[in-house]
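Let's take a walk through the aromatic side chains of this one. Have the structure open as you read.

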Amino acid sequence: MVLLSFDIEEFDMPLEYKGEISFDKQISISQNGLENILNVLKKHKVKATFFSTVVFAENSKDLIKRLLSEGHELASHTWFHSEFEEKHLQESRERLEELFSVKVTGLRMPRMMPVDEKAVENAGYSYNSSINPTFLPGRYNNLKVSRTYFKEGNVMQVPASVSPNFRIPLFWLSFHNFPLFFYKKLASDTLKKDSYLNVYFHPWEFSEIKDEAFKLPGFTVKNSGKDMVERFDEFIGWLKSKNYIFGTFQEFQKQITL
């Protein structure tokens, strides 16, 4: 099974690099990217999971309703993208459920931040996909964490996919910066080894973000916007040609607990 997921959030990354961007622009760039994503998924008739901050969801109700109507799953990316308190775990889940009348069972922390797993369980989640089981300088060193899903208490941990050899991460930055044929090779190796693939992206990657005011490094904007839409479209088409099944995290969790 292929687990496509998207962290839908206010596009505040420029602020990390001392760039300038208004809140309205943070939201509109992500909204534009989300539309592009939904159009590609609809074209290929595949499902995905969307981890949303409450801030983005409250400002994008029509788009969230669209993704739900098209069969996708809504999960929590907490309340804000750049501010976190433990109480936001439960509050964000409840707010998303209140806004859209759906059951929210999954969590992904912004920037894959560590989080107390007992707090995640107490907040009412049944799965958490907040671990990138690799080494990323300045971010995390999770080389001792399982590459594949595992149970922690009553919560299923679903780490982001890394290659079987050397734990090369298959997250969004790899997709932008590796030649597509090499990324496909890593994805194929991972699917053969693990029987599933968990890769994640963000809506702003599918928007035009090459703006000097944002001060973003070249490796974050390479193959973004229209180029990203085309690469992603080709990647989904390639996976479909191999007859892989696409599913939401809820569907995956149901399957592995049978």
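A quick word on terms first: a residue is called buried under 20% relative accessible area, exposed over 50%, and partly exposed in between, using a 1.4 Å probe and protein chains only. Keep in mind that this is a predicted model, where local features need pLDDT of at least 70, side-chain atom pairs count only at pLDDT 80 or more, and totals for chains, interfaces and linings use all residues. Residues are numbered from 1 along each chain as its sequence is written, and side-chain values use heavy atoms, with hydrogens and water left out.

Now for the rings. Those of Phe, Tyr and Trp (its six-membered ring) pair if their centres lie within 6.5 Å; planes under 30 degrees apart are stacked, over 60 edge-to-face, and the rest tilted. That rule gives 22 aromatic pairs here. Helices (H or I, at least four residues) and strands (E, at least two) are DSSP runs, numbered from the N terminus. Both Phe6 and Phe232 are buried.

Phe232 also pairs edge-to-face with Phe201, at 5.5 Å centre to centre and 70° between the planes. Because Phe201 lies in strand S10 (residues 197-201) and Phe232 in helix H10, the pair ties together parts 31 residues apart in sequence. Phe201 is buried, like Phe232. One aromatic cluster includes Phe6, Phe201 and Phe232, with Trp238 also among its members.
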